[in-house]
Amino acid sequence: MKNIGYFDSPIGFIEYTYEFNKLYNMQINDKLQRPLKDYQKNSWINKQLDAYFKNELTEFKIEVGFSSYTPFQQEVFQALLNIPYGQTRSYEEIAKTIGRPKAFRAVGQACKKNPIGIVIPCHRVIGKDHSLTGYSGKEYIHIKEKLLNIEKNL
């Protein structure tokens, strides 16, 4: 049975699901202002999130579970895990990295389905023209921008 945990971050409340030592889902709710009634913490995940938001952690040591996604999506997620902290890549660059240079739109769709935002850093993927695009729709670009600014220590 998967457990639900929460983390109160500078970009909003984060809800995640985990089982044993594996993280399966992480969603940011920038609208929620206070902890939920049954606020649960998971120390090993929360410690890493806290260190990330304090610029003390540049690489998560959290095992992720994304085996229920397609092989293509898993390739994209794995490529995202290899983008260094504070750097960005375009959707086209990710497509080339996984050996599918014309699949940049499909890379964007895979990023949109990323189940574990922040840990699998789809916020580090930008448009070819260096514009901030994607991140689960235009209404969430501000979260992508905040995460990139945190990583640039702004």
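## Salt bridges, strands and cysteines in a predicted model

Lys 61 counts as exposed, at 60% relative accessibility. Here, buried means under 20% relative accessible area, exposed means over 50%, and partly exposed lies in between, with a 1.4 Å probe and protein chains only. The structure is a predicted model, in which local features need pLDDT of at least 70 and side-chain atom pairs count only at pLDDT 80 or more, while totals for chains, interfaces and linings use all residues. Residues are numbered from 1 along each chain as its sequence is written, and side-chain values use heavy atoms, with hydrogens and water left out.

**Salt bridges**

Side chains of opposite charge can pair when their charged atoms come close. A salt bridge is defined as a side-chain nitrogen of Lys or Arg within 4 Å of a carboxyl oxygen of Asp or Glu. Lys 61 forms such a bridge with Glu 59, and the closest N and O atoms are 3.5 Å apart. Glu 59 is itself exposed, at 51% relative accessibility. In total, the structure holds six salt bridges.

Another of these bridges joins Glu 63 to Lys 22, with 3.4 Å between the closest N and O atoms. Glu 63 belongs to strand 4 (residues 63–64) and Lys 22 to strand 3 (residues 22–29), so the pair ties together parts that lie 41 residues apart in sequence. Strands (E, at least two residues) and helices (H or I, at least four) are DSSP runs, numbered from the N terminus.

Glu 92 and Lys 128 also meet through their side chains in a salt bridge, at 3.6 Å from N to O. This pair links distant parts of the chain: Glu 92 is in helix 3 (residues 91–97), whereas Lys 128 is in the loop between strand 6 (125–126) and helix 5 (141–151), 36 residues away. The table gives the accessibility of the residues in these last two pairs.

| Residue | Relative accessible area | Class |
|---|---|---|
| Glu 63 | 46% | partly exposed |
| Lys 22 | 25% | partly exposed |
| Glu 92 | 22% | partly exposed |
| Lys 128 | 62% | exposed |

**Strand pairing**

Two strands pair if DSSP finds at least two bridges between them. Strand 3 pairs with strand 4 in the parallel sense over two bridges, and Lys 22 stands opposite Glu 63 in strand 4. Strand 2 (residues 12–19) runs antiparallel to strand 3, and seven bridges join them. Phe 13 has Asn 29 as its bridge partner in strand 3. Strands 2 and 3 form a hairpin with two residues between them, and Phe 20 in the turn has a positive phi of about 55°.

**A buried glutamine**

Gln 48 is part of helix 1 (residues 43–53). Gln 48 counts as buried, at 13% relative accessibility. Leaving aside residues up to four places away in sequence, Gln 48 touches Leu 57, Phe 60, Lys 61 and Ile 62. A contact of this kind means heavy atoms within 4.5 Å.

**Cysteines without a disulfide**

A disulfide is a covalent bond between the sulfur atoms of two cysteines. In this model a disulfide is taken as a pair of cysteine sulfur atoms within 2.5 Å, and the structure holds zero of them. The cysteine sulfur closest to that of Cys 111 is in Cys 122; because the distance is 5.7 Å, the two are too far apart for a bond. Cys 111 is buried at 5% relative accessibility, and Cys 122 is buried at 8%.
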